[in-house]
Amino acid sequence: MWRRSIQNLLSSIPAAFQCRRPALFARRLVFLQVDLRQPYTPQPERKRFYQNVSISQGEGGFEINLDHRKLKTPQNKIFTVPSKTLALAVATEWDLQQDTVKFFTMHLTTLCNTALDNPSQRSREQLIRAAVKFLETDTICYRLEEPPALVELQKNEWDPLVVWAEKRYNVVIGSSTSILGPSIPQSTKDTFASHLASYNTWALHGIEYMITQLKSLILSMGLLDKQLTVEQAVLLSRLEEEYQIQHWGSVEWAHDYDVYDLRARTAAATLFIHLCSESSTVKHKVMQD
């Protein structure tokens, strides 16, 4: 039913817009149907209310101190993270704020708040199912049939990554030119679910955030497996949009801002996942020292 509604909506779009970015618009509409939640919305800017930032070890992990006050989450829990390195990274975000605290620049803090409070109250299994479900609307699995130059670009840039993922995980993924997307075998979904189950709950929150930024589980796995850099993953996620901009132009400065912002969010998610995945090793070492 919802797919038919999307097709009806697409048919009502002015022709001038359809010829410029039809597939990009359709993909964003389909993406809205995927059950992925954004982390907490950052708070409005406020005047810096502290002088010094430090970390300390508490019973549940490492805490952030703003002067002599413990940082807390939106649900008023003590802000406690599982590793010293993650605590240092978060403390750096707070320490780098100038006269005004710009919460929208503090991606690690936001991710930690989401992991601590879990505002949508989802289990590990629900997080994994939501991530795997995104394969059905994965950016690099949607292909265009025209113009030929963009078709060739997608083939040259996206196909190698799909082939890598199929070999790396021993699965079948494929691609499609239909708005309905490719038909992903259940065995492929089961394999990715099994792989994601190897991550702890904190890391799963980070993976979900990364997927929402790149709109691709495959790109996210390539980035985490160090097959891609952050810059490469962002460029591949924006391939169609970059092509359209080359032909139709862009709003001055807005394009660069979007790219840099996406890189910052993706880089923060990557760092967050790695630091959360290493938390048990780091904590053991700190306790020994």
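Helices are taken here as DSSP runs of H or I of at least four residues, numbered from the N terminus. The model is predicted, and in it asparagine 118, which comes just after helix 5, takes a positive phi of about 45°. Helix 5 itself spans residues 107–117 and is mostly covered, with 11 of its 11 residues buried; among them are His107, Asn113 and Asp117, as well as Leu108, Leu111 and Leu116.

A search of the whole structure finds 7 aromatic pairs, and two of these are set out below with the values that describe their geometry.

| Pair | Centre to centre | Angle between planes | Class |
|---|---|---|---|
| Tryptophan 94 and phenylalanine 103 | 5.8 Å | 75° | edge-to-face |
| Tryptophan 202 and phenylalanine 272 | 6.1 Å | 25° | stacked |

Why does the pair of tryptophan 202 and phenylalanine 272 count as stacked? Planes under 30 degrees apart count as stacked, and the planes of these two rings lie at 25°, so the pair falls in that class. This pair links distant parts of the chain, since tryptophan 202 belongs to helix 9 (residues 201–214) and phenylalanine 272 to helix 13 (residues 254–277), 70 residues apart. Both tryptophan 202 and phenylalanine 272 are buried.

Note on methods:
Residues numbered from 1 in each chain as written. Predicted model: local features only at pLDDT ≥ 70, side-chain atom pairs only at ≥ 80, totals over all residues. Heavy atoms only, no water. Phe/Tyr/Trp six-rings, centres within 6.5 Å; stacked < 30°, edge-to-face > 60°. Helix = DSSP H or I, 4+ residues; strand = E, 2+ residues; numbered from the N terminus. Buried < 20%, exposed > 50% of the residue type's maximum accessible area, 1.4 Å probe, protein only.
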